[in-house]
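Q: I'd like to learn how to read helix packing and cavities in a model. Could you walk me through it?

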Amino acid sequence: MYCVIRPRSSQCFLTIKSMCIVLLLLSIASGKVSAGLNYGEALTKSLLYFEAQRSGKLPSDQRVQWRGDSAPGDGSDVHIDLSGGYYDAGDNMKFGFPLAFTTTMLAWGSVEMASQLHAHNEHQNVLMALKWATDYLIKAHPEPNVLYGQVGDGKLDHACWMRPEDMNTSHPRPSYRIDAQHPGADLAGETAAAMAAASLAFAPSDAAYANTLISHARDLFEFGKNHPGVYHDSITNAAGFYTSSGHEDELLWAAAWLHRATGDQMYLDYLTQASNSGGVRYAFSWDDKFVGAQVLAAKLVFEGKVKNEGKMAEYKRMAEQFICNCAQKGYSNVKKTPGGLLWFLPWENLQYTATASFVLSSYSKYLEAAQASVQCPNGVLQASDLLGLARAQVDYILGSNPKSMSYMVGFGTNYPNRPHHRGASIVSIKKDPKLKACNEGWYPWYKTSEPNPNVLVGAIVGGPDVNDVYQDERSDYQHNEPDTVTVAPFVGVFAALA
């Protein structure tokens, strides 16, 4: 919004100027104009969140000081070092399927928005966050056809409310794997995608590490391709938490990343010869990677590396129909809350808003570079339109919403004080070193209405419901539990906007 003032008198000038200020303030209040939100600050804080989620022995440069070392013995039951990696959400579990997707999205952001990350002096912090994940994934893949996909028993873990630092030998941490006899092509494929995408991030600064990641990615892709099936049939403990809907999307996604990382024709052939392009998807998530593969294929078309025909044209068309639906110009538009938030599903909706915003931000770059646009059923979208829609979503999440509340912990002055998170909700082990047993955290820490004693800076909670309603209650894990799969895509989006 802008005002053009051509006054005939100073009194008229003041009147018109006052009207413009009022209109501008009203627009900001309604969320139609960004209220000077600091995207660079959001970027910095999002990376601090990953430090709070670290498992294993913490490094000397750890910035989140209320955390301590935890779960150093992970993998001891199978005589493998599986320490490290990230806790999934508000629990103390390491679920490999969403962890791998988190890794892929962190890597994609670090590669796609590298110049912006460098400009804001956060590129090194992104690589540190990424390496904490990839170091763990390398350890979890000790043989070509073996991949450890989970540490911890989900049911036992969720029966406890305890700090990660309190887990010891009395708290069982079983290790679960897939192998040739117990396949999981989806888990293998997603982990291959993570390794390949991360190799691109590390290649400019550490070619040897990048090559190690590529080697793992190649093996995991072959493992998944040759042993079809869903991982939760092999790791049945995961079924109640991260059930997979299939493996075709993960293998497409892995092939797209391996092609981008290696240039090998065999991975492009896999994409062009696939029987299932995914069609128009409703959402992009830890379970459904078709949109991601479609967008990477479209990038090849824009860059002239493949012709806009056949299967590649189909991928591009599907990606753009998803974008049109997000922009309310498609055949099956994504629902929006009254306050303007893209609303996909009732459980932790912001994870889907995050991935959609990332797609919009990245595709905007592709369109701008190619001087192209998206032809939707109900209008045309330019690069600026896509970035504008991503910005509107971020503005909503950071405070330009009906509740005037930031859904990022530690951002602004009004944010969730009681996120559903064990470590944040119990006094830090640095202040109270006495170990607490499995059930000792329920009273008083879980049941109290007091704010969490530790601020989980950079975490993004599940978010409001379809009517913009949100209650900051620790027990409301559907709307108030932060997880890594939500924050990882936003790292790239914040960088694009900052």
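This is a predicted model: local features need pLDDT of at least 70, side-chain atom pairs count only at pLDDT 80 or more; totals for chains, interfaces and linings use all residues.

A: Residues are numbered from 1 along each chain as its sequence is written, and side-chain values use heavy atoms, with hydrogens and water left out.

Q: How are α3 and α13 placed relative to each other?

A: Two packed helices are described by the angle between their axes and the distance between the axes. Here, α3 (residues 96-112) and α13 (residues 350-370) have axes that come within 12 Å and cross at roughly 30 degrees. Angles under 35 degrees count as roughly parallel, so α3 and α13 are roughly parallel to each other. Helices are DSSP runs (H or I, at least four residues), numbered from the N terminus, and axes are lines fitted to C-alpha atoms over the stretch in contact, with angles from 0 to 180 degrees between N-to-C directions.

Q: Which residues of α3 and α13 make the contact?

A: On the α3 side they are Phe 101, Met 105, Trp 108, Gly 109 and Glu 112; α13 brings Thr 355, Phe 358, Ser 362, Lys 365 and Tyr 366. Contact means heavy atoms within 4.5 Å.

Q: What about α13 and α18?

A: α13 packs on α18 (residues 484-497) at about 35 degrees, with the axes 8 Å apart. Among the α13 residues that meet α18 are Leu 350, Thr 355 and Phe 358, and the α18 residues include Val 485, Phe 490 and Ala 496.

Q: How many cavities of 30 Å³ or more are there?

A: Rolling a probe the size of a water molecule over the atoms shows where empty space is left. A cavity is a set of points, on a 1 Å grid over the protein atoms alone, where a 1.4 Å probe fits but cannot get out; lining residues have an atom within 4 Å of a point. The count comes to two cavities of 30 Å³ or more. The largest has a volume of about 60 Å³, and its lining includes Arg 67, Tyr 87, Asp 91 and His 421.

Q: What lines the second largest cavity?

A: That cavity has a volume of about 40 Å³. Leu 47, Phe 50, Glu 51, Arg 54, Arg 63, Tyr 86, Asn 125, Met 128 and Ala 129 line it. The elements giving two or more residues to this lining are α2 (39-52) and α5 (123-139).

Conventions: Angles under 35 degrees count as roughly parallel, over 145 as roughly antiparallel, 65 to 115 as roughly perpendicular and the rest as oblique. On a 1 Å grid over the protein atoms alone, a cavity is a set of points where a 1.4 Å probe fits but cannot get out, and a pocket is an open set with protein on both sides within 12 Å along at least five of seven lines; lining residues have an atom within 4 Å of a point. Grid points are joined across faces, edges and corners, and a volume is the space filled by probe spheres set on the points.
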